[in-house]
Amino acid sequence: MSDNVTPLHKLRIFKEQIGIDAADLAELAPFRHFFTERKEEFGDYFYNVFWGIPATRTILEGEKTRGVLRKTWSLWFETFFSADFDDTFLSWLWKIGVRHVEVNLDQRFSNLGFAVIRQFCHGIVFKELPLQQRGRVLSIIDKLLDLCVLVETSAYIENTISCNIEVMREMADRVRNPAMIIGWNIKRLHDKADADSKEYRVYKMLMEENERLEGMVRDIKVYMDLFETEPEIDTVNFEEIINEVLLKLKEEGTGKGIQAEISTHKEGILLKGDKEELTYLFYYLVQNSMEAAEPDNMRVVIKSGLDPDSPSYVRIEIFNTGEPPKEKTEQLFSPFFSTKVKGTGFGLPIAQVVVRKHLGRLDIKPMSGQGTNVIVSLPRATL
Ligand code: HEM
């Protein structure tokens, strides 16, 4: 986990958005000594607050050498008031956050910690600083602490997510091989069995279940990869993608007997996005619509055009004749949730991740008495 590279570009954006600049630090400089000379007092104060909370007291009681954290916090306080808030300092804040994740510190206690620091600093400002300077100094300290909270929160979010991703990816990898071996052996038994026998039916059912398992493992991998990679933005032709997707689904035997009607905007539709990721998006959305289509009226209609709500976006609608899902949209986008017998529960979550990464929108709309419409809005590329 500690190998995680510091996302400096993101941390710099936080710093910029909060509005911390050299002028702030210069303004704070003459007052720094009021704080740094009370670093030991801070260490004691901070330590006592967390000694008083049973959950954090356990951590402090568990220190190999009692009081090391008191010194660490005191040093942190001194550094906070001496730092230039440059990249080295941002990386250090990030590493502290990562360390807190590693030691399983509940993030709420780290948030509480920053609230305690804020109060301590405000106490000094009101006690020591001339009245006319207080407002400015308080506002600068607040900005600096806001940045610390943001960096710490990012470290928590990114390291917890990457940990979950690693577990899921490892699981998918470990299940893939046994699933393939089981599938292959059942197929052999199935092919040998008499087509009228009970065994034949059992093997067939096992083969189908195993195919679902293999599909799930494949989809989990796609989902995890999408989380970890940055999209390579390019100009992508929608028609090209959709034709590729329809061909692939046909080869796989998805939606046999389905009539897919495509009507694209007369000038053609160009998307701003990552071709591979957008191909995944439309593959899963069309597959989902084909599987959901009404068996007696197997139609899927794909329409594309400019988004009437925002001219820099393209709207793509994928309609199927199936009954609209009864579940709430958020539920449909949750991994492992599936209303279909053969579903892996990853199609819509994958689509949702791609759309989010492309700063688009995805919605599922019932068309009363007719079917279901999946509506995607994506940034449009202009030549
Ligand atoms: C919110 C303000 C806090 C700050 C600024 C802070 C600062 C630090 C720093 C500078 C380190 C050393 C990181 C390293 O170089 O490896 C550290 C580690 C640690 N912190 Fe905090 N901390 C805070 C809150 C807390 C709280 C509330 C607890 C729980 C009582 C805590 C528990 C720990 C532990 C267990 C370690 C690891 C110590 C080790 O490596 O043995 N921290 N913290």
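Modeller: Let's start with Leu25: it has 16 C-beta neighbours inside 10 Å, so it counts as partly exposed. Keep in mind that this is a predicted model.

Colleague: OK, and which helix is Leu25 in?

Modeller: Leu25 sits in helix H2, which covers residues 22–28.

Colleague: What is Leu25 in contact with, leaving aside its neighbours within four places in sequence?

Modeller: That would be Asp84 and Phe85.

Colleague: And how far apart are Leu25 and Phe120?

Modeller: In space they're 19 Å apart, C-alpha to C-alpha, and in sequence 95 residues apart.

Colleague: Switching to H9. At what angle do H1 and H9 cross?

Modeller: Roughly 150 degrees, for helix H1 (residues 8–18) and helix H9 (residues 131–192), and their axes come within 10 Å. Angles over 145 degrees count as roughly antiparallel, so that's what H1 is to H9.

Colleague: Is that crossing left-handed or right-handed?

Modeller: Right-handed. On the H1 side the contact is made by Lys10, Leu11, Phe14, Lys15 and Ile18, and H9 brings Lys143, Asp146, Leu147, Leu150, Val151 and Ser154.

Colleague: How does the contact of H1 with H9 split by class?

Modeller: Six nonpolar, four charged and one polar.

Colleague: What about H7 and H9, how do they pack?

Modeller: Their axes are 8 Å apart, at an angle of about 50 degrees. That value makes H7 oblique to H9. The crossing of these two is right-handed.

Colleague: Which residues meet there?

Modeller: From H7, you have Leu90, Leu93, Trp94, Gly97, Val98 and Val101. They meet Cys148, Val151, Glu152, Ala155, Tyr156, Asn159 and Thr160 in H9. By class, the contact of H7 with H9 has nine nonpolar residues, three polar and one charged.

Colleague: Now the ligand. Which residues come nearest?

Modeller: There are 17 residues around the ligand, and Phe50, Thr56, Arg99, Val103 and Gly113 come nearest.

Colleague: And which helices each supply at least two residues of that shell?

Modeller: Helix H5 (54–61), helix H6 (68–80), helix H7 (87–102) and helix H8 (107–128).

Colleague: Last one: what's the class make-up of the shell around the ligand?

Modeller: Eleven nonpolar, five polar and one charged.

Terms used:
Residues numbered from 1 in each chain as written. Predicted model: local features only at pLDDT ≥ 70, side-chain atom pairs only at ≥ 80, totals over all residues. Axes fitted to C-alpha atoms, helices over the stretch in contact; angles between N-to-C directions. Helix = DSSP H or I, 4+ residues; strand = E, 2+ residues; numbered from the N terminus. Parallel < 35°, antiparallel > 145°, perpendicular 65-115°, else oblique. Left-handed = near helix turned anticlockwise from the far one by under 90°. Contact = placed C-beta atoms within 7 Å. Nonpolar A, V, L, I, M, F, W, Y, C, P; charged D, E, K, R; others polar. Near = placed C-beta within 6 Å. Buried ≥ 20, exposed ≤ 12 C-beta atoms within 10 Å, placed from the backbone.
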